[in-house]
Amino acid sequence: MKKIGIILILIIILMVYIGCDKVSNPEYNVDKSACNSCGACIGICPKDAIEIGEDGKAIIDQTKCNQCGKCIAICPEDAIY
Amino acid sequence: MKKILILLLILFSISQVFSDEEHNNKSNAKSKNKYYKIARSLYRKPFGETLCIPFIWLGNLTDDEKDKFDPSNEQEPKDLDQQRRFNLTNWSQISLNYFTTNAKHDINMVTGASQEAESINTKGKFGLKYQHELTGKISEEFSYDVKEEIFYSEKSHERRNSFLTNNLKLSLFYKQETTYLRLQFNNRYYNPDETNFLNLPGVVYNTQQQMTSSAILHLKQDFGKLSLNVYSNLRDLEYRYVVPLEENNDEYEVHQASDYDSYTDAKLFFKIADHMKVFGRMYYKDDLNELSLFDQMNLGGGFEYDNKIDLFSSIKAKVQYYNNISDKINNEQDHNFVTQLRYSRRFRNGISGFVSYINRSCYDNETSQIYRVSNMLRIHAMYSYSIENLNNSYLLSGIKYNPENEGTLGFIEQNQYLFKDIYSTVNIKYSFDLFTSYSLKIEYFLNSLQSFWIKNEYTDFYNIQKQNLIYFGSTFIF
C-alpha cells in the first residue's frame with residue numbers, strides 16, 4: 001500500500017511537471033512495453049519514418065516524421081504517444 | 001530552481017520505491033507456499049492478434065510448478081509444446097473483409113488530392129489479408145523465423161496507403177549463453193498501380209511508396225556485469241513522385257527515386273546492483289543521400305531498474321538523458337530527458353492490472369526553459385472469471401492519457417465464453433480526438449490452436465470517414 005502511495009505521489013509530481021510549456025514541434029514515440037510488433041504503423045506511415053528496432057518493436061525516425069498522426073489512430077495497442 | 005527541486009523530489013521518490021521493493025522481497029519470500037490460482041494465459045501471436053486459450057490450475061504448487069506457471073511468462077499450450085519437438089511451428093491467419101458503407105471521400109490516385117465532396121461507391125467491396133509465420137530450429141544455437149503478410153483491398157482503405165502490399169521478414173537467430181545474434185531482411189512491396197499518391201504537408205510534390213527493403217544486424221553480448229547491445233539497420237526506400245507541368249496543371253511528370261538510410265544504435269550496460277543497471281547509449285542515423293539532410297546523432301545514458309518482486313507484482317523504472325544533434329530537429333530539443341515507470345500487479349481474485357507513466361521533456365540552452373515533449377499515463381485493469389468451470393472469460397478496461405499528441409482514449413473489452421467452444425469479444429474504444437470504434441467478434445475454436453471467426457468493426461474517424469467492415473477469418477497453429 002505504501003508502495004502504491006509513493007507511485008501515486010510520483011505521478012502527481014510528474015503531472016505538476018506538465019506545467020511546463022509544450023515543445024513547438026510535436027514528437028511521437030513508441031511505448032515499447034505496449035507495442036506488439038504488428039507493423040501496422042510501418043505500413044501506414046507516408047514518410048517511411050517508422051522501422052523495426054533492436055527488440056522487434058517499432059521506432060520512429062524523428063528526422064523524417066511529419067507528425068501526421070496516422071500511426072496513433074491505427075495502432076491496435078495504442079502504443080504511440 | 002523550482003524545476004531542480006521537482007527533479008530532486010522525483011529522484012528521492014524513486015529511491016523510496018526501490019528501498020520499499022527490497023523490503024517487500026523479504027516479506028514475499030515468507031509466503032511462498034501459499035495457494036496460487038493461475039487465472040489464465042493470453043497467448044499473444046504476431047500481427048497483433050490475441051488468441052485466448054483456457055488455462056487454469058488450482059492447488060498448492062511447488063516452486064518448480066510456480067516457475068512453470070508464472071503468469072508473467074507467456075505460457076504456450078501443451079499441444080504446441082509437443083509440436084515443438086519437430087522444431088517447426090506454423091501460425092497462419094486468413095481473413096476476408098467486406099465493406100458495408102460508402103466512403104465519404106477517396107484519394108485521387110495520381111495527384112493525391114482529396115475529393116471530399118464526392119461520395120465514392122465502395123459498398124460491397126472486398127479485401128483480403130493473409131498472414132503466416134514459420135519458426136523453426138536448425139540446431140541448438142541456430143533458429144529462424146519467416147513472416148509473410150499479403151493485403152489486398154478493392155477500396156482505398158483508411159488504414160492502408162496501398163490497395164495491395166506484400167510484407168516479408170526473414171530472420172536468422174544465433175543464441176548462446178552469453179551471445180545473441182540476429183540477422184534479418186525485411187521487404188515491403190507496394191503495388192505501383194494501386195498505391196495512393198500522398199499529398200504530404202510541406203512537400204511540394206506528391207509521393208508514392210514503391211518498395212522498402214532493410215537489412216538488420218543485432219548483437220547482444222554479456223561480459224559478466226558488463227553487456228553490449230548493438231543494432232544496425234540499412235534501408236533502401238524506392239518511391240515515385242509527381243511534379244505538375246507548369247503550362248498545364250492537369251499534366252504531371254512521374255519520377256522514380258531511391259533513398260538510403262543507415263541506423264546504428266549501441267548501448268553499453270553495467271550492472272551496479274541487483275535489478276539495476278546504468279547504461280550509455282549512442283544512436284546514429286546516417287542519411288546516405290547526397291545532401292545528408294536527415295542525419296541525426298544521440299549521445300546519452302541513464303539507469304534501468306527491473307524487479308519482478310514475486311509472482312504477482314513487478315516494477316520497472318528507467319531514467320534517461322540524451323543529447324540530440326540534428327539539423328532537422330529544433331534546438332529546443334537538444335537536451336532530452338525520458339522517465340518511465342511501470343508497476344503491475346495481480347490479485348488472487350482474478351483481478352490484475354498495471355499503471356504506466358512516461359514523461360519526455362527537453363531543455364533549451366538558449367532560453368533556459370524546460371519543455372514537455374510528451375506525457376503518457378496508462379492504467380489497465382482486467383478481471384478474469386469462470387464460466388462452467390472454465391476460467392476463460394475476462395473483462396478488460398483501460399485509459400490512456402496523452403494530452404500533447406491527441407492520444408487520450410479509453411477502451412473496454414469483454415471476452416466471454418458462450419457455449420460449446422464459442423467465444424465472443426466486444427470492444428469499444430473512444431478516442432477524444434481521433435476516432436471511435438466498436439467491434440464484435442464471434443470465434444469458434446476447433447481446438448486450442450485452431451479457430452474460425454466472424455467480426456464486425458465500425459470505425460468513425462472524426463471528420464474523415466466512417467467505415468463498417470465485416471471480417472470472416474480463421475487462425476491456425478500447426
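Predicted model: local features only at pLDDT ≥ 70, side-chain atom pairs only at ≥ 80, totals over all residues.
**View 1. A positive surface patch on chain B.** Six lysines form the patch: Lys137(B), Lys175(B), Lys220(B), Lys225(B), Lys271(B) and Lys277(B). One of these residues, Lys225(B), lies in the loop that links β10 (206-223) to β11 (226-244) of chain B. Lys225(B) counts as exposed because its relative accessibility is 54%, and the cut-off for exposed residues is over 50%.

**View 2. The tilted aromatic pair of Tyr239(B) and Tyr241(B).** Over all chains, the whole structure holds 12 aromatic pairs. In the pair formed by Tyr239(B) and Tyr241(B), the ring centres are 6.4 Å apart and the planes meet at 40°, so the arrangement is classed as tilted. Tyr239(B) has a relative accessibility of 17% and therefore counts as buried, since buried means under 20%. Tyr241(B), with a relative accessible area of 22%, is partly exposed.

**View 3. The edge-to-face aromatic pair of Tyr430(B) and Phe432(B).** The distance from centre to centre is 5.2 Å, and the angle between the planes of Tyr430(B) and Phe432(B) is 70°. Tyr430(B) is partly exposed, at 38% relative accessibility. Phe432(B) has a relative accessible area of 51% and is therefore exposed.

**View 4. An aromatic cluster in chain B.**

Conventions. Residues numbered from 1 in each chain as written. Chains lettered and ligands numbered in written order. Heavy atoms only, no water. Patch = residues over 30% accessible without salt bridge, like charges linked within 9 Å, V, L, I, M, F, W, Y side chains within 5 Å. Areas by Shrake-Rupley, 256 points an atom, 1.4 Å probe, with all protein chains shown as cover. Salt bridge = Lys/Arg side-chain N within 4 Å of Asp/Glu carboxyl O. Lys, Arg positive; Asp, Glu negative; His and termini not counted. Charge placed at Lys NZ, Arg CZ, Asp CG, Glu CD. Helix = DSSP H or I, 4+ residues; strand = E, 2+ residues; numbered from the N terminus. Buried < 20%, exposed > 50% of the residue type's maximum accessible area, 1.4 Å probe, protein only. Phe/Tyr/Trp six-rings, centres within 6.5 Å; stacked < 30°, edge-to-face > 60°.
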